[in-house]
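Notebook open, viewer open. I want to look up a few things here and jot them down as I go.

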Amino acid sequence: MNYEIVNLEEKIVVGLTARTGNNDPDIQKIVGGLWQDFMGNGISASLKNKANPYCVGLYTNYNFEEVTYDVTVGAEVSQNENTELSFKIIPAGKYAKFNIKGDVVIDVTNAWNEIWEMPLERTYTADFEEYLSNENGVADINIYIALK
């Protein structure tokens with residue numbers, strides 16, 4: 001799978017957060033529930049200071065003993081005035097950027113399966129998906145992996 005190396009500035013993300021992991025039998029239900037609540041309950045539309053129109057799926061606080069991490073479904077903001085939501089920082093730094101076009105569940109899951117198998121020098125500080133568009137069931141998504 002092809003990717004490019006990019007340098008990103010720090011980003012602020014606000015949204016809904018849950019703890020899960022790749023071995024959690026309820027992972028799809030948990031992550032899907034976050035997306036449903038964020039998009040379906042008007043949270044996305046009511047965010048203050050949105051930096052862009054994109055939604056973000058953010059993965060932080062990796063624990064390799066338990067094989068768990070925090071998942072935040074949200075959006076980038078220029079400053080946080082959304083105090084009722086989770087607040088996360090995507091650190092500035094070097095990232096591998098993968099562009100995925102396709103189904104938001106099937107193709108994103110397949111991309112992550114490939115990424116987990118790649119010999120990337122990851123920092124595991126903050127990895128995220130940026131959902132750019134979704135027309136007629138075909139989405140344009142960037143996946144960013146934090147690198148050393």
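Predicted model: local features only at pLDDT ≥ 70, side-chain atom pairs only at ≥ 80, totals over all residues.

I started at Val67, which is partly exposed with a relative accessible area of 35%. My cut-offs: buried is under 20% relative accessible area, exposed is over 50%, and partly exposed is in between, with a 1.4 Å probe and protein chains only. Residues are numbered from 1 along each chain as its sequence is written, and side-chain values use heavy atoms, with hydrogens and water left out.

Val67 sits in the loop between β3 and β4. I take helices (H or I, at least four residues) and strands (E, at least two) as DSSP runs, numbered from the N terminus. The phi of Val67 is near 55 degrees, a positive value in a residue other than glycine. I found Asn61 in strand β3, and it is partly exposed at 43% relative accessibility.

**Lys11**

Is Lys11 buried or exposed? It counts as buried, at 17% relative accessibility. Lys11 lies in strand β2. I also checked its C-alpha against that of Ala51, 40 residues apart along the chain, and got 9.3 Å.

**Aromatic rings**

I count 12 aromatic pairs. Rings of Phe, Tyr and Trp (its six-membered ring) pair if their centres lie within 6.5 Å; planes under 30 degrees apart are stacked, over 60 edge-to-face, and the rest tilted. One of the pairs is Tyr3 with Phe98, tilted, at 5.1 Å centre to centre and 45 degrees between the planes. The two come from distant parts of the chain, 95 residues apart: Tyr3 is in the segment before β1 (4–8), and Phe98 is in strand β6 (residues 93–102). Tyr3 is partly exposed at 38%, whereas Phe98 is buried at 0%.

Tyr62 and Tyr69 have ring centres 5.5 Å apart and planes at 50 degrees, so that pair is tilted. Both are buried. The charged end of Arg122 sits over the ring of Trp116, 4.6 Å from its centre (my test: NZ of Lys or CZ of Arg within 6 Å of the ring centre and within 35 degrees of the ring normal).

**Nonpolar core**

The largest nonpolar core has 31 residues, and Phe38, Phe98, Ile143 and Ile145 have the most contacts inside it. Here a core is a set of buried Ala, Val, Leu, Ile, Met, Phe, Trp, Tyr and Cys residues joined through side-chain atoms within 4.5 Å. Which element gives the largest share of this core? β4 does, with 5 residues.

**Largest pocket**

The largest pocket is lined by 27 residues, and Val31, Tyr59, Val104, Val108 and Glu129 lie nearest its centre. A pocket, on a 1 Å grid over the protein atoms alone, is an open set of points where a 1.4 Å probe fits, with protein on both sides within 12 Å along at least five of seven lines; lining residues have an atom within 4 Å of a point. α1 gives the most to the lining, with 6 residues.
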